[in-house]
Amino acid sequence: MSHKDDLALMSHLMRRAGFGASRDELEQKVAQGYEAVVEELLSPPEELESGKMALMLRYHPSFLLPGGNPLSGQANWMYQMISTQKPLEEKIALFWHQVFATGNSKLDNCDQMLEQIKMFRQYGLGSYKELLVQISKNPAMIFWLDNNENHREAVNENWGRELLELFSMGVSNYTEVDVREASRAFTGWTIRAKLPRQPYGRYPWHFEYREEDHDDGDKTFLGESGNLNGEDIIDIVVQQPATARFICRHLYNFFVADEPQVPSWTIEPARDEEALDAMIATFEENNYEIKPVLRMMFNSEFFKNARFSKIKSPAEVVAGTLKMVEEFQFPEPGILQIGKEPSYMGQAILDPPSVEGWHTGTEWINSGSLLARVNFVADRVANTELPGMRKILDLIQAEGVKTPEQMVDAAAEHMGFVELNQETRQQLVDNAKSDGDLDWSNEAAAKQRLGEIMALIGATTEYQFG
Amino acid sequence: MALNTIVAGRAWLYSHNLGRNAQAGMGFSQPVGVVSTKEGVLYVANRSGEQNPSTRISKCTIDQEFISEFGRKGPVYGGNDNVQIFTWLTGVAVDKDENVYGSDEWKSQISIFDKEGEYLRTWGEKGDDPGQINGAAGICFDADDNLWVVNSFNSRIQKFTKDGQYLSGFGEKGDLEGQMEMPSGISLDAEGNVYVTDWGNSRVQKFTPEGQHLLTFGHAGTGAGSLNHPTGVCIDNDGDVYVVDWMNERVVIYDKEARPLTYLYGDAVDVSDWGKMSLDANPDMVKRRNQVSDMVDQQRKFRMPMGCFFDRDNNRLIVADTNRGRLQVYVKDYNYQDPQFNL
């Protein structure tokens with residue numbers, strides 16, 4: 001492979017396992033070696049910062065306890081995405097947020113949503129079984145799916161049903177009786193009363209197990225009987241072959257390539273059954289740990305060959321662009337806006353449309369969301385004063401780029417080695433030709449032209465893929 | 001935690017708290033700084049947030065009487081009336097004429113109001129040259145009524161006349177002795193020595209007025225005497241030093257030799273007068289409170305506090321409990337008689 005091929009592959013890895021990387025970072029990581037970078041993503045050194053939390057809260061103390069205000073919570077998380085030195089930790093949190101979709105629309109409590117995201121950072125790469133225990137005890141989830149209303153004498157099946165349908169096995173792998181029995185096992189798993197929001201603002205919720213409200217009668221769940229509690233249900237669920245397939249297919253869909261929407265998984269074959277089988281085998285052989293599956297996946301040929309085979313989620317568009325142009329590296333005034341940008345593109349982070357999460361792939365794109373994506377990218381890459389853009393344009397200048405063909409190729413390369421199809425590339429080149437070769441004697445004008453070409457690339461179909 | 005904190009011949013007694021979370025009037029929005037006159041009139045800097053901007057200075061008494069609020073908008077630099085004065089209101093100080101000064105860390109400006117809250121003027125030019133300001137954070141007055149300003153972004157401490165004439169300055173970025181990393185709060189002792197919270201290096205440094213390093217308080221960490229991004233600092237009549245240990249959510253009290261004495265974690269066991277109004281108007285809030293088994297333990301603690309002020313005329317420590325929208329007040333009691341231990 002040529003050095004540029006290495007850079008392109010590393011760019012792919014950093015887009016999927018994080019939110020992109022600058023050219024300097026890519027060069028450094030290529031020198032480090034692909035497999036070593038995968039290991040560092042999976043197990044980052046402790047001294048690296050997860051995100052510039054202290055800096056953000058010093059200047060935006062209201063982001064600590066946003067309460068019912070989703071915008072402050074969304075900005076808080078988006079700033080963590082773009083400032084983290086542990087990108088996979090943040091990306092896996094986004095992944096689990098999509099799977100265990102919990103929303104502020106019902107909670108009216110972004111503090112607890114942020115606590116849930118923090119939990120995903122902590123447990124998201126570890127044992128899936130432990131993660132299920134943690135999400136079962138997570139106050140935001142308990143309130144979201146009414147398990148605080150699930151009592152020994154009055155069973156509420158909301159959590160029990162979604163645990164099986166959306167969080168582990170998927171439909172068609174259990175009966176209504178299993179839903180009932182699982183729900184009985186989670187009776188008494190609730191939230192301790194906390195101080196209300198007045199007069200001193202929000203206080204945190206905490207999990208509480210109320211033994212006296214737990215149904216300790218015999219239950220039969222997926223063929224196993226006994227006085228089952230919530231942990232027993234999770235033990236049984238995790239060992240189901242359907243669970244491994246369901247979770248690995250989610251991982252494939254999020255990190256590798258777009259799959260059909262989740263509700264059709266029972267009738268639509270996987271995009272790459274062989275790859276999915278390999279992931280499932282790794283998951284099962286490693287006691288349902290997430291990290292070994294990701295290690296195998298990132299190092300696989302099917303991952304390396306899957307460049308630009310998934311449509312970027314709105315959060316990826318926003319975080320990736322902000323990282324590329326290095327806007328809001330410092331939490332300056334106006335930061336509130338970055339949290340709501342994905343909402344304009346159809347993904348209000350911390351507030352998914354339902355417990356099913358977002359539909360992904362081509363469903364990210366409609367006439368409104370596409371316009372929002374294009375405008376967001378164009379507004380930034382055309383701003384040649386943003387620090388990241390200055391660096392990119394300086395590099396392009398140093399490369400001696402001059403002709404329209406060179407301009408288009410360089411712009412695509414520095415936007416993440418975007419693979420333009422021949423027709424698109426020709427249209428861009430033709431457009432660039434109207435103003436002739438770059439004239440570096442007028443540096444500002446030359447850079448402005450390049451910024452405009454990058455804005456046009458941001459509007460291409462190809463750029464919507466990551 | 002205890003209401004009375006007794007250590008090494010000293011006693012700090014929790015007095016009361018005042019405030020509640022509110023965007024206007026009788027309440028505070030992320031209070032980050034506070035200053036008191038000797039008559040017990042308080043001026044509170046409300047940082048607020050971008051979503052519901054209510055950046056302002058609140059004026060009230062230590063006895064929980066709301067007087068007024070000001071500083072939301074004004075004719076900054078002679079412009080029109082509708083300009084938001086502060087972006088990142090950070091510090092607040094009062095001169096001998098009881099004019100009120102607010103610092104803006106983003107705009108690198110100082111805005112001045114009379115004691116009725118009427119806007120007077122703004123000064124401050126952004127930059128790194130002597131006399132220019134780069135990130136006006138903590139502010140305080142010295143005995144000569146000159147204003148000391150922490151410049152957080154270039155780690156400099158500068159002294160100005162009240163009208164903004166540059167007098168002197170010192171400091172540079174770094175983590176060596178005497179250097180600072182994004183400093184935040186400032187206070188002067190009775191001798192005019194300068195104490196600065198070195199936020200990025202998680203310590204407090206004491207300098208002579210000329211900028212010579214004298215002493216360092218604390219180091220990064222969570223244990224005894226350590227600090228995690230300290231924000232506010234103040235000094236009492238005995239030279240004891242109070243440091244708002246922001247990310248450890250406590251106040252660390254050191255003696256004048258930089259030895260840690262004790263810690264305050266917040267003691268708001270009571271509900272403030274303004275807080276009671278909220279509860280009186282919302283019976284469901286009371287019902288919910290009454291279901292909380294550890295209500296007092298939850299309520300009393302500081303939540304990422306940022307500012308403090310020691311009222312030397314009345315021996316009162318006032319802590320800006322930022323994310324609880326309130327101030328917690330302690331009295332340093334010089335006549336405290338410790339009861340028999342085995343009662």
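The model is predicted, so local features need pLDDT of at least 70 and side-chain atom pairs count only at pLDDT 80 or more, while totals for chains, interfaces and linings use all residues. Residues are numbered from 1 along each chain as its sequence is written, chains are lettered from A and ligands numbered from 1 in the order in which they are written, and side-chain values use heavy atoms, with hydrogens and water left out.

**The A–B interface**

- On the contact count (heavy atoms within 4.5 Å), 33 residues of chain A touch 48 residues of chain B.
- Together the two chains bury about 3,400 Å², with 62% of that on carbon and sulfur atoms; buried area here is the accessible area (1.4 Å probe) that two parts lose on being put together, summed over both.

**Polar links across it**

- There are 17 residue pairs in polar contact across the interface, both residues at pLDDT 80 or more. A polar contact is a pair of N or O atoms within 3.5 Å; within protein, one must be able to donate a hydrogen and the other to accept it, and residues adjacent in sequence count only if both atoms are side-chain atoms.
- Helices α4 (53–59) and α5 (70–83) of chain A each give at least two residues to the side that touches chain B, and α4(A) has the largest share, with 5 residues. Helices (H or I, at least four residues) and strands (E, at least two) are DSSP runs, numbered from the N terminus.
- Chain A and chain B share 1 salt bridge, meaning a side-chain nitrogen of Lys or Arg within 4 Å of a carboxyl oxygen of Asp or Glu.
- That link is between the side chains of R58(A) and E105(B), at 2.9 Å from N to O.

**Salt bridges overall**

- Over all chains, the structure holds 47 salt bridges.
- E105(B) sits in the loop between β10 (100–104) and β11 of chain B and R58(A) in helix α4 of chain A, so this pair joins two chains.

**A hairpin in chain B**

- Strands β11 (residues 109–113) and β12 (residues 119–123) of chain B run antiparallel, joined by 4 bridges; strands pair if DSSP finds at least two bridges between them.
- I110(B) has W123(B) as its bridge partner in β12(B).
- The hairpin has 5 residues between its strands, and G117(B) takes a positive phi near 95°.

**Domains of chain A**

- Chain A splits into domain 1 (3–42), domain 2 (53–304) and domain 3 (381–464), with bounds from an automatic or database domain assignment.
- The C-alpha centres of domain 2 and domain 3 of chain A are 42 Å apart.
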